[in-house]
Amino acid sequence: MKKRSIFLSTMLALALALPLIAQQPAADTLIVNELEPVTVTAYRVEMTDLATPLSMTRIGQKQLQTGTQQLGLDEALMSVPGVFVQNGTNFAQDIRVSIRGFGARSQFGIRGVKILVDGFPESTPDGTAQVDAIDPGSLTGLTVIRSGTGGLYGNASGGSINFSTMKFNDEEWGEVGLSVGSYGFQKSQFRLGGGKANKFLYSFNGALTTLDGYREHSTMKNNIINGGFLMPLDSSFTIRGVVTYVNSPYAQDPGGLNEEDIMEDRKAANEDNIAYNTGENLWQFRTGISVNKSFAKQHFLHASFFQTNRSFVSLLINDAVKLQRSFTGGTFNYEYKTKPGRVNWNLNLGLDLERQTDDRKRYANLGNGFDDQYADLTESFSSAGFFAIQKIDFNEQIYLLPSIRYDRIFINVDDKFPGNNNAGDRSDDFHALNPSLGISILPTPNINIFANIGSNFETPTLLELAQAEEKGLKPQRSKSYELGYKFFMANSKLRFEPTIFLINLKDEIVRTTDANGNNAFRNVGRSTRKGVELSFSGQIAKHLNCTFNFNYYDFVLDEYDKYDRNKTPGIPKSMAGLMVTYTWIKGLAFTLGTNYVGSMFTDFANSNKLQPYYFGFAKASYTIKIKSNEIEFNGGINNLYNDRYNTNLRINNQAPFEPAPLRNFYTGLKIRF
């Protein structure tokens with residue numbers, strides 16, 4: 001109770017101080033440059049982040065890298081308003097990310113949110129994504145769009161996250177690092193890059209991470225290598241390429257516990273998970289190349305191609321899976337820009353083509369791994385999306401951004417198992433037309449009053465179609481309305497962004513679980529999501545930066561049988577975060593922060609509610625410069641208050657909780673040259 005009072009008092013004091021903060025002159029620090037407006041392509045057309053009519057958060061390299069542990073991506077996303085991250089310590093299931101409720105039903109990985117890495121899609125056509133191929137230590141920035149982006153990216157785009165991992169510099173550079181910490185955490189990393197301007201630039205990263213884990217049966221090992229190049233052939237023609245390889249030979253799954261199990265031993269694994277040796281191993285290789293060509297400063301062509309191959313083996317309770325995946329696709333864009341004048345008009349016409357093919361074999365797991373095989377499926381999911389996006393600029397004061405996108409999706413399952421007589425064969429065909437309109441009004445160069453309206457859709461995944469309660473599982477459709485305000489103050493060193501939104505959903509796909517723990521999926525008639533989001537970031541005093549966010553949600557199941565008017569489970573009613581960073585010019589940086597996660601229901605009946613919890617953290621770094629080289633010492637504390645909370649909630653499950661580690665530590669050393 002004392003921690004809660006201190007935290008809420010601090011938030012109230014900060015809110016009351018905002019008008020005074022805006023009047024104070026700001027001094028330079030090492031982090032201020034990340035707060036300045038930048039040109040982004042969040043709307044698939046170039047414009048500043050201030051002028052974009054979307055709720056958007058951009059985090060730069062210094063915040064992502066300074067003093068951080070770099071074990072999981074949850075650390076990078078924890079300060080983003082509207083984003084709820086779970087499962088950061090179960091590397092067999094991967095992190096779960098939800099944005100305004102989209103993605104909350106996912107059992108593992110990311111669902112309903114478009115994930116991009118260096119501009120290439122990590123989300124497959126069926127709307128799922130695993131981010132085990134992204135090394136947090138390689139991140140140079142990330143951009144989160146909380147507004148619906150179905151009119152921009154198509155299927156399962158309740159929001160989007162674009163991770164950047166490439167660092168292209170003219171000068172040669174390098175970095176090696178070693179980190180250790182609680183629960184057997186070890187990470188070694190090396191990065192290098194450079195090149196010559198207007199000729200060839202390259203960036204390369206390699207990392208090896210191992211962890212014993214807080215809970216029993218939760219060890220992991222992960223190896224990642226990624227690199228890329230940027231090659232301007234002339235002033236109008238550029239080629240960019242990326243390559244990523246990940247090999248995770250083991251990641252154990254400790255499973256979920258109930259309240260009685262946690263009271264007895266919160267570090268224990270589920271007995272069945274131990275008995276069936278649950279976990280996974282995988283490797284993935286991805287290549288991507290993009291070309292950009294301009295003609296006469298008004299016409300632009302963009303094309304990108306990618307190929308991802310993934311091999312995945314998973315041991316589950318009573319079940320085992322071997323999967324070989326091929327995911328390939330490309331994007332083709334034509335963009336036209338009028339000459340500067342009274343009204344500037346941009347037009348972007350494009351086509352996205354993607355195809356996902358999974359060869360899936362299933363076996364009984366009787367405790368010995370792969371016992372009798374009972375399924376052999378070839379599953380394909382193909383999509384084609386045509387889009388037209390416009391930006392109309394009236395003297396840099398009023399921006400209109402209308403867009404429309406048409407998607408056609410084809411699903412086919414071929415049951416090849418002998419004796420099944422093709423019983424598992426199926427085919428589905430979905431299509432959707434999603435228009436959207438955004439408007440930004442800038443009465444002054446540092447204020448934007450924006451609004452947007454749009455529609456989104458989300459097809460069932462292959463797994464959801466296979467486990468539907470009855471045939472005919474429909475795509476989930478939604479309409480979103482948003483009104484926001486962006487205020488960049490004190491030479492863009494302070495940002496204040498409040499937003500309200502309303503989302504009406506039809507045929508929302510929900511996951512249910514029977515008494516035996518079997519999953520099933522069905523459509524809910526209608527549901528409503530309303531919310532308020534508030535964020536503030538900037539320099540509040542010399543050497544002192546602050547980031548603050550607050551979210552309040554009211555998500556209701558309007559039409560769901562006996563659960564009508566119940567709250568949507570798995571989403572906190574409110575969330576908040578406060579992070580203060582002190583940066584000294586002589587190389588010292590210290591950050592102290594607290595995240596608050598409000599109460600949430602664990603099931604559709606709303607029969608059980610999780611109580612709020614706090615996650616506190618502290619991190620520090622000290623950098624010594626020796627000629628042109630740097631030595632950085634860093635370390636930190638996670639779960640500063642030693643709170644007993646759960647890092648993951650499995651909705652409607654008899655063993656729904658995965659306990660989070662108690663207070664733990666890490667330290668590291670980096671050498672840059």
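A bit of housekeeping first. This is a predicted model, so to speak of local features a pLDDT of at least 70 is needed, side-chain atom pairs count only at pLDDT 80 or more, and totals for chains, interfaces and linings use all residues. Residues are numbered from 1 along each chain as its sequence is written, and side-chain values use heavy atoms, with hydrogens and water left out.

Let's begin with salt bridges, meaning a side-chain nitrogen of Lys or Arg within 4 Å of a carboxyl oxygen of Asp or Glu. The count by this rule is 35. One of them pairs Lys337 with Glu46, at 3.9 Å from N to O. That pair ties together distant parts of the chain, 291 residues apart: Lys337 sits in strand S19 (residues 319–337), and Glu46 in the loop between strands S1 (39–40) and S2 (47–48). Strands here are DSSP runs of E with at least two residues, helices are runs of H or I with at least four, and both are numbered from the N terminus. Glu46 counts as partly exposed because its relative accessibility is 41%; buried means under 20% relative accessible area, exposed over 50%, and partly exposed in between, using a 1.4 Å probe and protein chains only.

Now look at Glu533 and Arg100, whose salt bridge brings the closest N and O atoms to 2.9 Å.

Another salt bridge joins Glu658 and Arg650, at 2.8 Å from N to O. With a relative accessible area of 2%, Glu658 is buried, whereas Arg650 is partly exposed at 21%. Elsewhere, salt bridges link Glu175, Arg191, Glu630, Glu632 and Arg672 into a network.

Glu458, in strand S24 (residues 447–458), is buried at 2% relative accessibility. Its side chain makes a polar contact of 2.8 Å with that of Arg105. A polar contact is a pair of N or O atoms within 3.5 Å; within protein, one must be able to donate a hydrogen and the other to accept it, and residues adjacent in sequence count only if both atoms are side-chain atoms.

Out on the surface there is a patch of negative charge made by Glu216, Glu259, Glu260, Asp261, Glu264, Asp265, Glu271 and Asp272. Helices H5 (259–264) and H6 (271–275) each give two or more residues to it, and H5 has the largest share, with four. Patch members have over 30% relative accessible area and no salt bridge, with like charges joined within 9 Å.

Most residues other than glycine have a negative phi. Asp94, however, has a positive phi, near 70°. Asp94 lies in the loop between strands S4 (83–86) and S5 (96–99), and counts as buried because its relative accessibility is 11%. Arg565 also has a phi near 70°, and is found in the loop between strands S28 (544–557) and S29 (566–567). At 55% relative accessibility, Arg565 is exposed.

How values were computed:
Patch = residues over 30% accessible without salt bridge, like charges linked within 9 Å, V, L, I, M, F, W, Y side chains within 5 Å. Areas by Shrake-Rupley, 256 points an atom, 1.4 Å probe, with all protein chains shown as cover. Lys, Arg positive; Asp, Glu negative; His and termini not counted. Charge placed at Lys NZ, Arg CZ, Asp CG, Glu CD.
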